[in-house]
Amino acid sequence: MMRFFFLTVFILLAIAAIIAASFGLIGWLVLAALIVVLVAMALFDLFQTKHSILRNYPVLGRMRYLLEAIRPEIQQYFIERNTDGRPFDRDIRGLIYARAKGMDSHTSFGTELDVSAQGHEFLLHSSMPLPPPEDPHRVRIGGPDCQQPYDMSLMNISSMSFGALSKNAVLAMNKGAALGGFAQETGEGGLTKYHLAYGADVIWEVGSGYFGCRDERGNFAPDVFETKAATEQVKAITLKLSQGAKPGLGGVLPVEKITPEIAEARGVPEDQDCISPASHSAFRTPRELMQFVARLRQLAHGKPIGYKLCVGSRVDVLAMCKAMLETGISPDYIIIDGAEGGTGAAPLEYQDHIGLPLTEGLRIVHNALVGTGLRSRIRLGAAGKVASGNDIVKRLIQGADFVMSARAMMMATGCIQAQICHTNRCPVGVTTQNPRLMRAIDVEDKGNRVHNYHKLTVAEAGQFMASMGVSHPDQLTPQMLHRRIDELSTRSYAELFPGLKSHQLLEDPPIDWAEDWKIADSDSFGVPTTTSKTPHRTSTHQAPAAEHRAIRKDIKTPRGRVTKPVQSSGNRPEAQPGRTTTDHEPESR
């Protein structure tokens, strides 16, 4: 290998010498300067201590970092096929872009999907299809205690905060929602002037940080909430319990993305990271959650109140149902966020390994509400990789009444799936607070694109239902959606996810639900823990403190700068539970 290396170097030097000679003295001076720079770089690489590959392969090893930097672009534009990109493949991205521009989204020559692959899903069409609906379907949101019900579109903009999104992106989505008559959810960053700019219907999301309705100590401020909830454009309020991208964690808006406008809107300092805790301080149990829902409904003068969660334990869902039955209080809607959701930046392990996917979470909540006789009072929303008309229909079949979409709306606004949302370097200005980058979004044009995308996608969902022989979403059944189990067989969702009968959990719980129903407690979240009589196999022995000190003395500090962890304690600030502070306690942040 070395002879090829030296041969390559010799050829490059020869080419450089010929080019330099053709320019005379100036060319030789440039060549000499280039050689000096390369020699200096090589010496630096040889003696630096941070990168092993540069110590062994000075200068040449830098190619590795260059290739790593452009790897995502090479992968997306040259290597990935139309159907295997992640999180959204090229076909879906192309569909979104085409609809946003109002272009024809038809393709030719048949599907590129492997329809015989395990896990492939398909809808059953009717031999006697119906004409598509003239007007898009809408869903009435509002239970028996709601005084101001709202008619929701089948598809709406899911929660994305100003701060996570640029103001131009928020404005574009707000304009699109106003043109299309659908709702924009604010995200937990609070209700801002940009969410109200074009007069679109708004769903105000309140998270564990209570941004926009908090006091100086970070607690829920009812008077501030009541004032903002009275805003005409606010049609409903969503209480965020958890999100699919990182269930069990709160959120962090890094200080680099906090502008004076964001700090004012959220009610937080401008010079430090904005942290939302992992849990709420206003309630601790399912019963207290329902009481807080009733309090919010009263403060909002009867507007619909719901909450959003990524489902974890089925016991928690059943505990909420028990709390609804015991208190007589229920939310007007619940939004199920699947673990495949992802607008929020999150640790890789959380994105990959925690939380239930949307299908399983949606079926659990739907069946739990049916089994307790509560389903008729509560509407269900579904959020998590909803991008096309067939996605909407699938989620309606699985138990949802409406869907929320975030990343698809970002793509309609111009997102190219660069996956650097958390860095403040979004190349198209969607998820950055950098004025130079966000100027790329023309609000008027992108607002029209958001409207186009929503209109055509909802129309396609209506066309799907017409092809399936149904005239209303209520007529969809789990028998109409099938999944391939193996090469020879498929199963309907009615077979894969057997449903419960109305009030079945109250009268005769099925065997696979009975244990969870028994241990679910309206005064406690989580599965009760028991002490195991069998000792753990993992050793918990720790060396004495003196021995640790001796070991530490044996470790020599390396030359150069020592890399330090982001959090010196190893604890994530957004992982801390919320707690109510009093005048006699120090502020929790």
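**Strand 10 and its neighbours**

Tutor: Let's start with a pairing: I237 has I305 of strand 10 as its bridge partner. Keep in mind that this is a predicted model.

Student: How many bridges join strand 7 to strand 10, and do they run parallel or antiparallel?

Tutor: Four bridges join them, and the two strands run parallel. Strand 7 covers residues 234-240.

Student: And what joins strand 10 to strand 11?

Tutor: Four bridges, again with the strands parallel. Strand 11 is residues 333-337. Within that pairing, L309 stands opposite I336.

Student: Which helix does the chain pass through from strand 10 to strand 11?

Tutor: Helix 10, residues 314-327. The β-α-β crossover is right-handed.

Student: Which residues of strand 10 point which way?

Tutor: I305, Y307 and L309 point one way. G306 and K308 point the other way. In a regular strand, side chains alternate between the two faces of the sheet.

Student: Is strand 10 enclosed or open?

Tutor: Largely enclosed by the rest of the structure, because five of its five residues are buried. The strand spans 305-309. Even K308 is among the buried ones.

Student: Change of topic. Where is A169?

Tutor: In helix 6, which covers residues 167-180.

Student: Buried or exposed?

Tutor: A169 is buried, because its relative accessibility is 0%. The cut-off for buried is under 20%.

Student: What does A169 touch, leaving out residues up to four places away in sequence?

Tutor: T413, V430 and I441. Also, the C-alpha atoms of A169 and C415 are separated by 9.8 Å. Those two residues are 246 apart along the chain.

Student: Let's move to the loop between helix 14 and helix 15. Which residue there has a phi of about 60°?

Tutor: Q417. That phi is positive, although Q417 is not a glycine. Helix 14 is 407-413 and helix 15 is 435-438.

Student: Is Q417 buried or exposed?

Tutor: Q417 has a relative accessible area of 8%, so it counts as buried.

Student: What about N424?

Tutor: N424 is also found in the loop between helix 14 and helix 15. N424 has a positive phi of about 70°, and it is not a glycine. With a relative accessible area of 15%, N424 is buried.

Student: Now the surface. Which residues make the nonpolar patch?

Tutor: Y57, L60, M63, L66, L67, I70, I74, Y77, F78, I79 and I416. The patch is about 1100 Å².

Student: Pick I74. Where is it?

Tutor: In helix 4, residues 62-79. I74 counts as partly exposed because its relative accessibility is 35%. Patch residues need over 30%.

Student: Zoom out for me. How many helices and strands does the chain have?

Tutor: There are 20 helices and 15 strands. The chain has 589 residues, and 45% count as buried.

Student: Last one. What percentage of the contacts join residues at least 24 apart?

Tutor: The figure is 70%, among contacts between residues at least 6 apart in sequence.

Notes
Residues numbered from 1 in each chain as written. Predicted model: local features only at pLDDT ≥ 70, side-chain atom pairs only at ≥ 80, totals over all residues. Heavy atoms only, no water. Patch = residues over 30% accessible without salt bridge, like charges linked within 9 Å, V, L, I, M, F, W, Y side chains within 5 Å. Areas by Shrake-Rupley, 256 points an atom, 1.4 Å probe, with all protein chains shown as cover. Salt bridge = Lys/Arg side-chain N within 4 Å of Asp/Glu carboxyl O. Buried < 20%, exposed > 50% of the residue type's maximum accessible area, 1.4 Å probe, protein only. Pairing = 2+ DSSP bridges. Right-handed = clockwise from strand over helix to strand, strands pointing away. Contact = heavy atoms within 4.5 Å.
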